[in-house]
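Here is a short report for a reader who is new to this structure. Take a look at the sequence and the model before reading on.

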Amino acid sequence: MRSGVHWLVSLTIGLGVVCGWGVLPGHAQEDGDVKLTPAQIKAIEFYNVKVKPILEQNCFECHADDPEDLGGSLALTSKASILRGGDSGPAVNADDPSESLILKVIHYQLYEMPPSGKLADEKINVLTQWVKMGLPFDPKDERDLTANLESSVPQVNAESKKWWSFLPVVDPKVPVVNDKIWPNNEIDNFVLAKLESASLAPASPATRRALVRRVYYDLLGLPPTPAQVEAFANNEDPQAYPQLVEELLASPHYGEKWGRHWLDLVRYAETNSFERDGAKPFVWRYRDYVIRSFNEDKPYDQFLLEQLAGDEIENPTQSSIAATGYFRLGQWDDEPVDRLKAKYDDLDDIVATTSQTMLGLTVNCARCHDHKIDPIPQADYYKMVSFFENIRHYGVRGHDSVLDASVRIVPGEATEEMTANYEREMKKVDEKLEAIAALAKPDFESVEHEDFQFEMNKLPILKKRIGKQITKKQFNEFRDLLRNRGNLLKNPPGSVNILSVKESGTKALPSFVRIRGNPNVKGAAIEPGFISVLSPPPPEITLPEHGNSTGRRLAFAKWLTGGENPLTARVMANRIWQYHFGRGIVRTSSDFGFQGSKPTHPQLLDWLATEFVNQGWSMKAMHRLILMSKTYQMSSQFSAEGFEKDPGNDLLWRFNLRRLTAEEIRDSILAVSGELNLEKMYGPSIYPVMPREVLAGQSRPGSGWGNSSDEDRRRRSVYVHIKRSLGLPILTTNDSAPTDSTCPVRFITTQPTQALGMMNSDFTNQQAAKFAAAIEKEFPGKREAQVESILQKVTQRPPTEKEIQQGVDLIQSWIDHEDTSPQQALQYYCLLAINLNEFAYID
């Protein structure tokens, strides 16, 4: 027995007398040792003879043998470590031992421990008795392996609250720089101050042609026409560039480009994933809401408020209700093994997307235990969950419940524009239907003319004429048009089905920490609350006067967009910067925590965040600031000195070259070929032709992929139907956003399938053929003019004489030596042109 050591020897006997640490009451201490009572000696013997063999044979391998790798962070080597517990919480309930977690798991009521097989009843009875006795140990064996384990997990304290992103946003003083001429606005002062401190100079300005191409793609995601480029390049008016920026910000196509950025962040998709990957009804209305919000320059705080609680605000509208479709964008398992787990998996997805997208924090990492890297306790995770816990689970009532998650807005909100668009679309569909029917009607029998008036009879009557009066293609088009007409009739203007959020009443059920992330194991009860390291106020939850919800989401949204939150403005200001420069001031744009990158220009970030709020959370105001800076207008010119001192261009000594996004590549191909349909915006998604080889990979080839009209197939990529299990090859191979989780930064890969797809796909070859036909029609037989026009459309600059001659010679060589017709050779050259690096990259 070691002298001077206190042992943990606890025992519950008879009337409940408990002996604890150190000298026992009424007993003397001799020579630094504790004299044990007969009862204590008997308890130690019970441990050594009965308990210890069971633990050694079944438990110690995971919970004692390796202190560096304890299963679930739980050690069974001392009373202190057992009471402290692990990832699942305390293993023994001191107040009610019979309810102890350790007893539940050995009975296989929650987890199954030991996993090798359930203990015999005799052994379970021994361990149960040991717990009720108070966990007596032999002092010689007792080791507290987890006493210092908590110190490795960041705590919420004064020190952790000093992390840069947790501090309040401070409006910094604009730095003074030596070069008084170069800065165009405050952004340039912050950037130049860093460059001057490193003895670096900014790159020269971009050429006017490079600048106009850059700003067109950055704001619209579309190439300028050669005429637009030349008009700007030759306009020496100092106001030409500011006027161009305003013109592009006013374009309706701005919202299509910048709305796509937001759709990346909220993992937008139009199907549920899992085995059936069924379609989400009316989910496209959320996409349209996002595009319209950007076009309207909706204040960012309102934009967030509507998505989180658009049904709980004072005067909900169709738009604000559609915004809450945000909660329905994730994956949904329509046949879960454990429905409760499926519900909490969905809630975890909401917490992950909301915290990372809007706060720049990975709160979801605290689902099963305290966050291992950031000072976010597990309790904070479940406090955030509780704001959303009353949301009615998507599809909770089976197949019909999908519509239960929709809201029917009563007629009366239709505008004249909505009605006119509706009537125009209906007329167009009716005319196309009549044109196809007219081909078959001369063959109708008398009774068929009468029967054809009814919808149910139209397809059977026409089907009999396939291969005679009409083709199979015409029949399929008639079928799709008929379906489209039915959808229009179901959704007249002013009466709109909207996929939205719904709650399970005005009274929220109690919320709990879920031990180890298991929804079936309740821990401590919790109330809604905000991220504690931010020192937030308590939530102010008020029951909405309308609707059937708790008001919790509105309370969360108000805190998120309130002045006391230091993250919301910083995170979005950083994202706007990222989408203009290719990288954020904080590289890890969805992780402002301890593991994330620190800002390269912290003062600039705070200045931008301050301006963002001061400008009324206007995103277009932020565009103006950034686009008017000399920093944005720099060229991408290489500098050996800059590369040596700052190889990562963290100091922004030049503009970063970037590749077009997947959507920009497809839209640009359609644009240069003259096929892009920019007139039609919004509405149900479109279905471009999907290669048969791709469809063949489905369990039911073609399932869930519609057949759009040629006119619709030529619309912008933001309107393409996003099916989680079936992606359009030209988008997926060129790194479109993944849809399983939030996407703050897209991958930029270079792989063989990209080149193979661009050269060999049906889509690129068909567009090259249409491109060539348009060029031949514009410049019939004029080879030099054809090559010049092709290159100018693709590169948005006048080609050199050498480039033109190379193109002419190449086309002629195909004709002379490859047995190629002039028309085919021109098509090949158009295909080559859209495969140029200069087409795919922005300088």
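**Overall build**

This is a predicted model: local features need pLDDT of at least 70, side-chain atom pairs count only at pLDDT 80 or more, and totals for chains, interfaces and linings use all residues. Residues are numbered from 1 along each chain as its sequence is written, and side-chain values use heavy atoms, with hydrogens and water left out.

The protein has 843 residues, and 52% of them count as buried. Buried means under 20% relative accessible area, exposed means over 50%, and partly exposed lies in between (1.4 Å probe, protein chains only). The areas come from the Shrake-Rupley method with a 1.4 Å probe, and for residues only the protein chains shown count as cover.

The secondary structure comes to 35 helices and 10 strands. Both are DSSP runs numbered from the N terminus: helices (H or I) need at least four residues, strands (E) at least two. Along the principal axes, the C-alpha atoms fill a box of roughly 115 × 85 × 60 Å.

One pair gives a sense of scale. His 580 and Arg 783 are 203 residues apart in sequence, and their C-alpha atoms are 38 Å apart in space. His 580 lies in helix H22 (residues 568–581). His 580 is buried, with a relative accessible area of 2%.

**Salt bridges**

Side chains of opposite charge can pair when their charged atoms come close. Here a salt bridge is a side-chain nitrogen of Lys or Arg within 4 Å of a carboxyl oxygen of Asp or Glu. How many salt bridges does a search of the whole structure find? The count is 49 salt bridges. The table lists some of them.

| Basic residue | Acidic residue | N to O distance |
| Arg 287 | Glu 270 | 3.9 Å |
| Lys 298 | Glu 306 | 2.9 Å |
| Lys 428 | Glu 711 | 3.6 Å |

Start with Arg 287 and Glu 270, which form a salt bridge. Arg 287 lies in helix H11 (residues 284–295) and Glu 270 in the loop between helix H10 (253–265) and H11, so the pair ties together parts 17 residues apart in sequence. Arg 287 is buried, at 0% relative accessible area. Glu 270 is buried too, at 3%.

Are Lys 298 and Glu 306 buried or exposed? Lys 298 is buried, and so is Glu 306.

Lys 428 and Glu 711 also meet in a salt bridge. This pair links distant parts of the chain: Lys 428 sits in helix H17 (residues 416–440) and Glu 711 in helix H28 (residues 710–713), 283 residues apart. Lys 428 is partly exposed at 28%, and Glu 711 is partly exposed at 29%. Elsewhere, salt bridges that share partners join Asp 218, Lys 257, Arg 658 and Glu 664 into one network.

**A negative patch**

Glu 56, Glu 61, Asp 65, Asp 66, Glu 68 and Asp 69 form a negative surface patch. Patches are made of residues with over 30% relative accessible area and no salt bridge; like charges are joined within 9 Å, and nonpolar side chains (Val, Leu, Ile, Met, Phe, Trp, Tyr) within 5 Å. Asp 65 lies in the loop between helix H2 (60–63) and helix H3 (79–84). Asp 65 is exposed, with a relative accessible area of 56%.

**Cysteines**

A disulfide is counted when a pair of cysteine sulfur atoms lies within 2.5 Å. By this rule the count is zero disulfides. Cys 365 is in no disulfide; the nearest cysteine sulfur, that of Cys 368, is 9.9 Å away. Cys 365 is partly exposed, at 38% relative accessible area. Cys 368 is partly exposed as well, at 30%.

**Backbone details**

Most residues other than glycine have a negative phi, and most peptide bonds are trans. Where does the model depart from this? The peptide bond from Met 113 to Pro 114 is cis, with omega near -5 degrees. Pro 114 lies in the loop between helix H4 (101–106) and helix H5 (121–133).

Phe 274 has a positive phi, near 60 degrees. Phe 274 lies in the loop between H10 and H11, and Phe 274 is partly exposed at 42%. Trp 617 also has a positive phi, near 60 degrees. Trp 617 sits in the loop between helix H23 (602–614) and helix H24 (619–627). At 10% relative accessibility, Trp 617 counts as buried.

Definitions and conventions: Lys, Arg positive; Asp, Glu negative; His and termini not counted. Charge placed at Lys NZ, Arg CZ, Asp CG, Glu CD.
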